[in-house]
Amino acid sequence: MGGAVECSLGDMHEAVGQGAGSDAAGEILSRALAPLVAHDALRLAATSPAAEFGPAAFSFWHKFDPGLGLALLHRAYAHDGECWPLARAWSADPVPGVVLCGDVYRGYGVGSELLVLLRDRRGTWGALELLRSQGGKQFDAEDARRTARLGPALAEVLRQYVTAGPLTPEMPMVSPGVLLVGPDHRLRAATPQAHAWRERLRASPRTPDFTDAAHLAGMSLQARRHLKDPRARLPVLTAPPASHGRWVSCHTQPLDDGSGDIAVVIEATTGKRLLPSFCDWYSITPRERQVVEHLCEGAAAKHIARRLDRSVHTVNEHLKAIFRKTAASGREELVAAITG
């Protein structure tokens, strides 16, 4: 088992280095997992512990019907991220992840589904969904146990995908854009900046466009749930440079002008808004994060040491660890990665 997962890590790293798209990465991952758990289709959706709830930051698919993906996306948004709470509940189950397919799956020829949460000691990194066709062998308890044990290794696959991408932005900075989505969950209008963002995202071979009709409809559904029940979280998507060329976020804001429109804002993610996700993916500790925050404010090591009540030596050791984890050549490149 371990050898196959290690092989997938190496293959994924090589594929990312060669600019592989999400479909190619999904095929590599499916091929590595097939000897461990037989399946006919795969979807690996990535998040990070800081995200808590929201759309996947990026995902890998292999032979997973796009129509089914759209139906599940609508279901997830309409029911407050249905698959995520279910996965959290299964994570405490001795046999996590076995799912009896509902009508939405059967309509696409799926006979059995296996969904497991990818967790390690730091938190939740996403979910792996495997499908088998109707008429085939059903997933069983042993399949679930075997797949659940892969959680930490697959979380590492996701982290390696992110950290193998560019540290500093490759995509030029674009001003924030706004898309207006009407009560029918369809795009009604968009600013020129939003159109510029959409063109750039659509040009990327590495990821689906999360400003497409499906995602906009989903974000509209969730935003309207928030209007009815403020406890429902507004969806926020934060995607890494490995998939989009720079850190990008997409979030919603209901308008109070009586139009019933939802504003979906797409923009580059930088500074303090970026740090939670950035530190998750690069395994930066809470103390190291404090150092990074002060570094981005222009503080020298001796000033950071004074603010944190630590020695300059300790601060420099933290900086060395941060540079090692991010592969940053020094202070300037690290600051540019976060503030650029």
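How many aromatic pairs does a search of the whole structure find? This is a predicted model, and the search turns up eight of them.

A pair of aromatic rings is described by the distance of the centres and the angle of the planes. For Phe-58 and Tyr-161, the ring centres sit 4.9 Å apart and the planes meet at 40°, so the pair counts as tilted. Phe-58 belongs to strand β2 (residues 58-62) and Tyr-161 to helix α7 (residues 151-163), so this contact ties together parts that are 103 residues apart in sequence. Both Phe-58 and Tyr-161 are buried. The two also belong to one aromatic cluster, along with Phe-60, Trp-125 and Trp-281.

Now for the charges over rings. Trp-125, a member of that cluster, has the charged end of Arg-159 sitting over its ring. Arg-43 does the like with Trp-61. Here are the two cases:

| Charged residue | Ring | Distance from charged end to ring centre |
|---|---|---|
| Arg-43 | Trp-61 | 5.6 Å |
| Arg-159 | Trp-125 | 4.7 Å |

Then there's Leu-117, which sits in strand β4 (residues 110-120). Is Leu-117 buried or exposed? Its relative accessible area is 11%, and buried means under 20%, so Leu-117 is buried. Leu-117 and Glu-129 are twelve residues apart in sequence, and their C-alpha atoms lie 9.0 Å apart in space.

Terms used:
Residues numbered from 1 in each chain as written. Predicted model: local features only at pLDDT ≥ 70, side-chain atom pairs only at ≥ 80, totals over all residues. Heavy atoms only, no water. Helix = DSSP H or I, 4+ residues; strand = E, 2+ residues; numbered from the N terminus. Buried < 20%, exposed > 50% of the residue type's maximum accessible area, 1.4 Å probe, protein only. Phe/Tyr/Trp six-rings, centres within 6.5 Å; stacked < 30°, edge-to-face > 60°. Lys NZ or Arg CZ within 6 Å of the ring centre and 35° of its normal.
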